[in-house]
Amino acid sequence: MHAEIYRALTTKPVTRFVADFAQAAARRGFSIHNESKMDMAHTFGKHGAEVAEGFDLHMIQICKPQKAAKSLSKNPERAVLMPKFVMTFSAEGATQIRFLRYGRALIAEMVDDAEFPSSLEESFNDIIAVIEEAK
């Protein structure tokens with residue numbers, strides 16, 4: 001696997017999933033960096049862009065600050081692959097959840113760092129566990 005999109009869904013409304021996701025993330029040492037800007041309808045509207053009625057895409061930026069600080073202190077080249085976003089939106093009568101994860105081979109190819117692929121893979125697995133708990 002070079003990269004894959006993890007897909008899940010829940011019957012919870014988007015805003016309820018986002019709140020439950022934030023709580024589950026906090027229990028695992030993660031924080032949400034963009035709480036005030038994750039609602040893309042609001043963000044686009046602030047810039048004068050119109051969105052379709054019912055547009056409810058939320059782009060949730062998740063980070064484990066303690067781990068990220070340690071990791072980036074070791075090698076700032078890792079930063080390019082560090083931002084992680086969970087996308088959630090309504091479609092087909094459910095709340096859809098998407099998350100892009102990179103495979104170890106792609107990580108190793110992009111950042112020459114023997115420790116990083118396993119560390120990032122661990123973070124991806126932890127984020128999927130957060131999604132599963134919140135949905």
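Select D20 and show what surrounds it: apart from neighbours within four places in sequence, D20 touches K12 and A134 (contact means heavy atoms within 4.5 Å). You're looking at a predicted model, where local features need pLDDT of at least 70, side-chain atom pairs count only at pLDDT 80 or more, and totals for chains, interfaces and linings use all residues. Numbering runs from 1 along each chain as its sequence is written, and side-chain values use heavy atoms, with hydrogens and water left out.

Stay on D20, which sits in helix 1 (residues 14-27); helices are DSSP runs of H or I, at least four residues, and strands are runs of E, at least two, numbered from the N terminus. D20 counts as buried because its relative accessibility is 14% (buried is under 20%, exposed over 50%, partly exposed in between, with a 1.4 Å probe and protein chains only).

Now show side chains. That of D20 makes polar contacts with the side chains of K12, at 2.5 Å, and R16, at 2.8 Å. Such a contact is a pair of N or O atoms within 3.5 Å, one able to donate a hydrogen and the other to accept it; residues adjacent in sequence count only if both atoms are side-chain atoms.

Next, select strand 3 (residues 58-63). Strand 3 pairs antiparallel with strand 2 (residues 31-32) over 2 bridges, and S31 has C63 as its bridge partner. Strand 3 also runs antiparallel to strand 4 (residues 84-91), with 5 bridges; there, H58 is partnered with T88. Pairing takes at least two DSSP bridges.

Last stop: F44, in helix 2 (residues 40-46). F44 is partly exposed, at 32% relative accessible area.
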